[in-house]
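This report goes through one protein model, from its overall form down to single side chains. Please keep the sequence and the 3D view open while reading.

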Amino acid sequence: IVLNAVSIGMQTDYCARHTQELPPDPYQTAERVFSGYFTTELLLRLFAFGKRFFTMPSRGWNILDLVVVSFQLLDEAFSAVNI
């Protein structure tokens, strides 16, 4: 999570300094790697806990993770089709 935050900070700084350019490929690659990692982690937790994922005491955090990863995947999908 910390590495992802650092990567986002570096990408944001680059975009602020170069407003007319797209981020370089390494930033986009890092974003996809983190997206894949977080998606895999979420799917493993969903598989391991099953229905309990939504009923266990930490369900609030689980649902937050589900929402954040879903938005991240939507962002990746929209970027892939240039929307």
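The model is predicted, so local features need pLDDT of at least 70 and side-chain atom pairs count only at pLDDT 80 or more, while totals for chains, interfaces and linings use all residues. Residues are numbered from 1 along each chain as its sequence is written, and side-chain values use heavy atoms, with hydrogens and water left out.

**Overall form**

The protein has three helices and zero strands, in the order α-α-α from the N terminus. Its radius of gyration is 15 Å, well over the 12 Å that the globule rule gives for 83 residues, so the protein is more spread out than a compact globule. That radius is taken over C-alpha atoms, and the globule rule is 2.2 Å times the number of residues to the power 0.38. Along the principal axes, the C-alpha atoms fill a box of roughly 45 × 25 × 15 Å. Of the 83 residues, 22% count as buried; buried means under 20% relative accessible area, exposed over 50% and partly exposed in between, with a 1.4 Å probe and protein chains only.

Helices are DSSP runs (H or I, at least four residues) and strands are runs of E with at least two, numbered from the N terminus. The expected span in the table is 1.5 Å times one less than the number of residues.

| Helix | Number of residues | Span between end C-alpha atoms | Expected span |
|---|---|---|---|
| α1 | 16 residues | 23 Å | 22 Å |

In α1 (residues 2–17), the buried residues are Asn 4, Ser 7, Gln 11 and Tyr 14. They cover an arc of only 90 degrees around the axis, which puts them on the same side of α1; the arc is that of the directions from the helix axis to the C-beta atoms. These buried residues pack against α2, whereas the face turned away from them carries the exposed Val 2, Ala 16 and Arg 17.

The buried residues of α2 include Tyr 27, Thr 39 and Arg 45, and their cover includes α1 and α3 (59–80). Ser 35 is also in α2 and is buried at 4% relative accessible area. Beyond residues up to four places away in sequence, Ser 35 touches Gln 72, Leu 73 and Glu 76, a contact being heavy atoms within 4.5 Å. After α2 comes Gly 50, with a positive phi near 60 degrees.

**Core and aromatic rings**

The largest nonpolar core has five residues: Phe 34, Phe 38, Leu 42, Phe 53 and Val 69. Such a core is a set of buried Ala, Val, Leu, Ile, Met, Phe, Trp, Tyr and Cys residues joined through side-chain atoms within 4.5 Å. Helix α2 (residues 25–49) gives the most to this core, with three residues. Leaving aside neighbours within four places in sequence, Val 69 contacts Phe 38, Thr 39 and Leu 42.

The whole structure holds four aromatic pairs. Rings of Phe, Tyr and Trp (its six-membered ring) pair if their centres lie within 6.5 Å; planes under 30 degrees apart count as stacked, over 60 as edge-to-face and the rest as tilted. Phe 34 and Phe 38 are stacked because their ring centres are 6.4 Å apart and their planes at 20 degrees. For Tyr 37 and Phe 38, the centres are 5.5 Å apart and the planes at 65 degrees, so this pair is edge-to-face. Tyr 37 is exposed at 53% relative accessibility, whereas Phe 38 is buried at 14%. Phe 34, Tyr 37 and Phe 38 form one aromatic cluster.
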